[in-house]
Amino acid sequence: MWTTINCTRFSRQSIHQFSVWIGDLSSDVDDYQLYKVFSSKYTSIKTAKVILDSYGFSKGYGFVRFGIEDEQKSALYDMNGCIGLGTKAY
């Protein structure tokens, strides 16, 4: 199971972006898979990034950045506890 836990609001030159922390990802999940899962439900996805260690292996968490705050808030609720991304057994 992976969970959405934290959110952050970014503001750069009046461009608002809203980030969600995604945890408990299996080691085979990459940026594209994470992006694909969220962009299939939300239209304002800007980026999805899985954090890697110094050897290039996933640390098991990542971030998804939204352009619309309401979508970010929906994702915090709707995607929390979702399963089916990657190969981790639950």
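**Ser 26 and its loop**

I started at Ser 26, which touches Ser 58, Leu 85, Gly 86, Thr 87 and Lys 88, leaving aside residues up to four places away in sequence. Everything here is read off a predicted model. Ser 26 sits in the loop between β2 and α1. Its relative accessibility is 4%, so I have it down as buried. I also looked for a polar partner: the side chain of Ser 26 meets that of Asp 28 in a polar contact of 2.5 Å.

Phi of Asp 24 is near 65°, a positive value in a residue that is not glycine. Most residues other than glycine have a negative phi, hence my note. Asp 24 has a relative accessible area of 39%, so I call it partly exposed.

**Overall layout**

I then stepped back to the whole chain. I count two helices and four strands, in the order β-β-α-β-β-α from the N terminus. The protein has 90 residues, and 31% of them count as buried. For contacts with a separation of 6 or more, I get 57% from residues 24 or more positions apart.

Next I looked up the largest nonpolar core, which has 16 residues. Those with the most contacts inside it include Ile 22, Leu 25, Phe 38 and Phe 66. Two or more residues of this core come from each of β2 (15-23), α1 (31-39), β3 (45-52) and β4 (58-66).

**Helix α2**

Which residues of α2 are buried? I find Glu 71, Gln 72 and Ala 75. Seen down the axis of α2, these buried residues fall within an arc of 100°, so they line one face of the helix. On the face turned away from that buried side I noted the exposed residues Asp 70 and Tyr 77.

Glu 71 got a longer look. Helix α2 covers residues 69-78, and Glu 71 is in it. Glu 71 is buried but has no salt bridge. How far away is the nearest side chain of opposite charge? That is Lys 46, at 9.1 Å. A salt bridge needs the nitrogen within 4 Å of a carboxyl oxygen, so I ruled Lys 46 out. What I do find is a polar contact of 3.0 Å between the side chains of Glu 71 and Thr 43. Not counting residues up to four places away in sequence, Glu 71 touches Tyr 42, Thr 43, Ser 44 and Phe 66. Of these, Tyr 42 and Phe 66 are on my list of residues with the most contacts inside the largest nonpolar core.

Gln 72 is buried at 3% relative accessibility.

**Salt bridges**

My search of the whole structure turned up two salt bridges. One joins Lys 49 and Asp 31, with the closest N and O atoms 3.5 Å apart. Lys 49 lies in strand β3 and Asp 31 in helix α1, so this pair ties together parts that are 18 residues apart in sequence. Both ends are partly exposed: Lys 49 at 40% relative accessibility, Asp 31 at 28% relative accessible area.

The other pairs Glu 69 with Lys 73, closest N and O atoms 3.7 Å apart. They are four residues apart in α2, so about one helical turn separates them. I have Glu 69 as partly exposed at 23% and Lys 73 as partly exposed at 47%.

How values were computed
Residues are numbered from 1 along each chain as its sequence is written. This is a predicted model: local features need pLDDT of at least 70, side-chain atom pairs count only at pLDDT 80 or more; totals for chains, interfaces and linings use all residues. Side-chain values use heavy atoms; hydrogens and water are left out. Buried means under 20% relative accessible area, exposed over 50%, partly exposed in between (1.4 Å probe, protein chains only). Lys and Arg count as positive and Asp and Glu as negative; His and the chain ends are not counted. A polar contact is a pair of N or O atoms within 3.5 Å; within protein, one must be able to donate a hydrogen and the other to accept it, and residues adjacent in sequence count only if both atoms are side-chain atoms. Contact means heavy atoms within 4.5 Å. A nonpolar core is a set of buried Ala, Val, Leu, Ile, Met, Phe, Trp, Tyr and Cys residues joined through side-chain atoms within 4.5 Å. The arc is that of the directions from the helix axis to the C-beta atoms.
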